[in-house]
Amino acid sequence: MANNATSFKFDAKFITRTAILLAITIIVQFIKMPQLITGSIVNAMLIISAYFVGIWSGVSIGLLTPIIAFLVGLMSFPILIPFIMMGNALYVILFSTVKNSIIGMIIGAVVKFLWLAVSVKYILTWFNVNVPQKIVAAFTLPQLITAIIGGIIGILLIFILKNYFNKAKE
């Protein structure tokens, strides 16, 4: 079900589709819903963009979403931006490169969660960054939950849209 991670074509189709999926993701972020909803939808968009447009579309959106979250006021701790970028990239890359999409999504979700949890609990403290407990709480277990929920939503939408697109071609 996952796309071939080695094929990449940076053309108008890639740019347009990535821009549309990024725009939808930005709209979701601007609505400023609770973390469970916003995070789940953003993770679903990462999965959908990686599947339909390609791994680099998902990675691109994953790199931009934490910056946008900061700009719209969803995130008040900007030092985490590069860590979130890396977590999103890992999620997309693992989803896209593991042959089975469900297993890839689960592995990606767990790795993203572990990366973010280690980042807020250990890596930042090694650099004497005082991470508020509220931030630690938001970047541990809720990240696993939103990645799994978003992955399930994304895979369900892929299944629905793939069937729709196939019927539309007939």
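The structure is a predicted model, so local features are taken only where pLDDT is at least 70 and side-chain atom pairs only at pLDDT 80 or more, while totals for chains, interfaces and linings use all residues. Residues are numbered from 1 along each chain as its sequence is written, and side-chain values use heavy atoms, with hydrogens and water left out.

Helix α2 is a handy place to start. Helices here are DSSP runs of H or I with at least four residues, numbered from the N terminus. Helix α2 takes in residues 35-52, 18 residues in total, and its end C-alpha atoms sit 25 Å apart. A residue is called buried when its relative accessible area is under 20%, exposed when over 50%, and partly exposed in between, using a 1.4 Å probe and protein chains only. Since 13 of the 18 residues of α2 are buried, this helix is largely enclosed by the rest of the structure. Just past its end, Gly 54 has a positive phi of about 135 degrees.

A polar atom of the Ser 40 side chain lies 2.5 Å from the backbone oxygen of Leu 36. This makes a polar contact, meaning a pair of N or O atoms within 3.5 Å; within protein, one must be able to donate a hydrogen and the other to accept it, and residues adjacent in sequence count only if both atoms are side-chain atoms. Leaving out residues up to four places away in sequence, Ser 40 touches Gln 35, Thr 146, Ile 149 and Gly 150, where contact means heavy atoms within 4.5 Å.

Setting aside neighbours within four places in sequence, Ile 81 is in contact with Pro 66, Ile 67, Phe 70 and Met 75. Its C-alpha is 9.1 Å from that of Thr 65, a residue 16 places away along the chain.

A pocket is found on a 1 Å grid over the protein atoms alone, as an open set of points where a 1.4 Å probe fits, with protein on both sides within 12 Å along at least five of seven lines; lining residues have an atom within 4 Å of a point. The largest pocket holds about 600 Å³, a volume being the space filled by probe spheres set on grid points joined across faces, edges and corners. Its lining counts 26 residues, with Gln 35, Leu 74, Met 75, Phe 139 and Gln 143 nearest the centre. The lining splits into 14 nonpolar, 10 polar and 2 charged residues; Ala, Val, Leu, Ile, Met, Phe, Trp, Tyr, Cys and Pro count as nonpolar, Asp, Glu, Lys and Arg as charged, and the others, Gly among them, as polar.

Gln 143, from the pocket lining, lies in α7 and is buried at 10% relative accessible area. Gln 143 touches Gln 35, Lys 112, Leu 116 and Ala 138, not counting residues up to four places away in sequence. The backbone oxygen of Ala 138 is 3.1 Å from a polar atom of the Gln 143 side chain.

Thr 140, in the loop between α6 and α7, is buried at 14%, and polar atoms of its side chain lie 3.0 Å from the backbone oxygen of Val 136 and 3.2 Å from that of Ala 137. Lys 32, between α1 and α2, has a positive phi near 55 degrees and is partly exposed at 49%. Asn 128, between α5 and α6, has a positive phi of about 60 degrees and is exposed at 72%.

Terms used:
Helices (H or I, at least four residues) and strands (E, at least two) are DSSP runs, numbered from the N terminus. The expected span of a helix is 1.5 Å times one less than its number of residues.
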